[in-house]
Amino acid sequence: MTRSSWSIWPPAALALSVGLLAGWRPLLAGVAALVALAGWALWDPARLNHALFAVLFLVPVTVRLGGWDKPVWMVLLTATAIALYGRLQRLRPDEPLGSAGAAAFALPVAGVLAAPAHWSGPKDLVFALAPFGCYAVVTWHVVAEARRDPAAFVRLARFFAWLGVPLALLAVHQRVTGTWPVLDELATSNAFTSSAGAGRSVATTGHPIVYGAYCLMSMGVALALRGRAWPVPFAAGVVGLLLSGSRSAWIGVGCAGVVWYLTRRPRLTRQGVAAIAATAAGAVALALAGPAPVRGAVDMVRARMSDVGGSSSATARYRRYEVAWDALTDGVDRVLFGLGPEAHVRFFQEVGIDDHLAQTFDNSFLTLWYDLGLVTLLPFLALLVILVVRTRSLAARLLVVGMTAQIFFFDFYLWPCAAAVLILAAGLAAADRDVDAGHRPATPLAVGAGSPAEAGKDHT
């Protein structure tokens, strides 16, 4: 037997082993894949960035990992450890440790300054600021890596956009079967199972809103960075976005689309109009005469679009916003410093709102204001504005504007996948010299009806 024929046996054996393991113990296969990824990444700092975003984007925080009741902390601490290890690998005596990404530390620092005004103990302070600290460390590392090798970071972004293709296939499988394999079996709560998802897909994220955030990312990166066959990951993002049923992500994509249009000013061509018409005709045909799963998905989307302002989730948000606003406006000190770290957690534990929906304000900006006041909210808003105004990267702008609109409708702090979209945007902004290679630079948007600030407000 020749050497070339022998060379095919190791990959074949490996593929067979992975297939058997995935069919026998899917969770074990996932753990083995993560261990293999970590081992592969430790050899090279550039590879480490792929492992970092794989942990943030792909590891669900809705399933029990190793018996932990709060797997989100395992994900956050793992990502932080990877980022710190990456910084150690890059440590050089003649190079400064600081970078533009260190600006992310302004958020936890501001939280520490606001906390003493309504002190509730060190435990609340740690749990309130730990996510911000972890994200700051990761952002610091990511921005430094993006500035060191912009082209490599662009390739990383495109890789995770393309990863949306198999995730969309998994989302289709979840829609067809009506279950979330593995996620249902190991869910930390019934609220994170397919029985509570009402036919919505989640891929690996464990929550349809968070999967919608991933699709927003893959669509934004594919549309702005292009590359070979870019319509494939873009289309996969569209499919996943629809199957997620996430109205907040739909709004985010719409706002990002406005920014893209105002920046690019695309011209309609005969080929473009024909492609749009053919796509629309195909979609209508599938909706009317497609198989049962397709019609079921269309019914789900139609139900999510009907009576948006008067739906139970919308009215629940109205009640929560009123409660939070009444508490905040009860004194100047509350406006400036909030009600204290983890104040919203204590409110829902001690008082709550009896509507059997998620016990959270479902507004990232309002929750941050409620807990830590304007002293902390304003630096967060400033970071988002700077990312949009100062960057030349269209991809970064699309992600920041889209996520700013989406997180107006849910609290993202303990959802690493959603936070990773903003962190990826920060990296793309840092790599803006090469991030839009092959396209004309994005020009600053004029303040007005089409500005990011106005786009983020359009949530009707």
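# Helix packing and burial in a predicted model

Colleague: How many of the 15 residues of helix 21 are buried?
Modeller: This is a predicted model, in which local features need pLDDT of at least 70, side-chain atom pairs count only at pLDDT 80 or more, and totals for chains, interfaces and linings use all residues. Residues are numbered from 1 along each chain as its sequence is written, and side-chain values use heavy atoms, with hydrogens and water left out. Buried means under 20% relative accessible area, exposed over 50%, and partly exposed in between, with a 1.4 Å probe and protein chains only. Helix 21 is mostly covered on that scale, and the number of its residues that are buried is 14.

Colleague: What span does helix 21 reach from its first C-alpha to its last?
Modeller: Helix 21 covers residues 416–430 and has 15 residues. The expected span is 1.5 Å times one less than the number of residues. For helix 21 the expected value is 21 Å, and the span it reaches is close to that, at 21 Å.

Colleague: How many helices does the protein have?
Modeller: Helices (H or I, at least four residues) and strands (E, at least two) are DSSP runs, numbered from the N terminus. The protein has zero strands, and its helices come to 22.

Colleague: What share of the contacts between residues at least 6 apart in sequence joins residues at least 24 apart?
Modeller: Contact means heavy atoms within 4.5 Å. Among contacts in the protein between residues at least 6 apart in sequence, the share joining residues at least 24 apart is 78%.

Colleague: Which residues of the largest nonpolar core touch the most other members?
Modeller: A nonpolar core is a set of buried Ala, Val, Leu, Ile, Met, Phe, Trp, Tyr and Cys residues joined through side-chain atoms within 4.5 Å. The largest one has 118 residues, and those touching the most other members are Phe-53, Phe-57, Leu-424 and Leu-428.

Colleague: Which residues are in contact with Leu-424, leaving aside neighbours within four places in sequence?
Modeller: Leu-424 is one of the residues that touch the most other members of the largest nonpolar core. Leaving aside neighbours within four places in sequence, its contacts are Phe-53, Phe-57, Phe-153, Leu-156, Ala-157, Met-217, Val-221 and Leu-399.

Colleague: Is Asn-49 buried or exposed?
Modeller: Asn-49 sits in helix 4 (residues 45–58). Neighbours within four places aside, Asn-49 is in contact with His-141, Glu-145 and Leu-156. Its relative accessibility is 7%, so Asn-49 counts as buried.

Colleague: Where does helix 7 bend?
Modeller: Helix 7 (residues 122–148) has 27 residues and reaches 38 Å, close to the 39 Å expected. Of the 27 residues, 19 are buried, so helix 7 is largely enclosed by the rest of the structure. The bend at a residue is the angle between axes fitted to the seven residues ending there and the seven starting there. In helix 7 the bend is about 40°, with a proline, Pro-131, following within four residues, and its place is Leu-129.

Colleague: How are helix 18 and helix 19 oriented to each other?
Modeller: Axes are lines fitted to C-alpha atoms, for helices over the stretch in contact, and angles run from 0 to 180 degrees between N-to-C directions. Angles under 35 degrees count as roughly parallel, over 145 as roughly antiparallel, 65 to 115 as roughly perpendicular and the rest as oblique. The axes of helix 18 and helix 19 come within 8 Å and cross at roughly 100°. Helix 18 and helix 19 are therefore roughly perpendicular.

Colleague: Which residues of helix 18 and helix 19 make the contact?
Modeller: The axes of the two helices come within 8 Å. Helix 18 contributes Ala-343, His-344 and Phe-347, and helix 19 contributes Thr-367, Tyr-370 and Asp-371.

Colleague: What phi does Asp-362 have?
Modeller: Asp-362 lies in the loop between helix 18 and helix 19 (364–389). With a relative accessible area of 14%, Asp-362 is buried. Asp-362 is not a glycine, yet its phi is positive, at about 55°.

Colleague: What phi does Glu-342 have?
Modeller: Glu-342 is found in the loop between helix 17 (332–337) and helix 18 (343–350). Its relative accessible area is 17%, and Glu-342 is buried. Glu-342 is not a glycine either, and its positive phi is about 60°.
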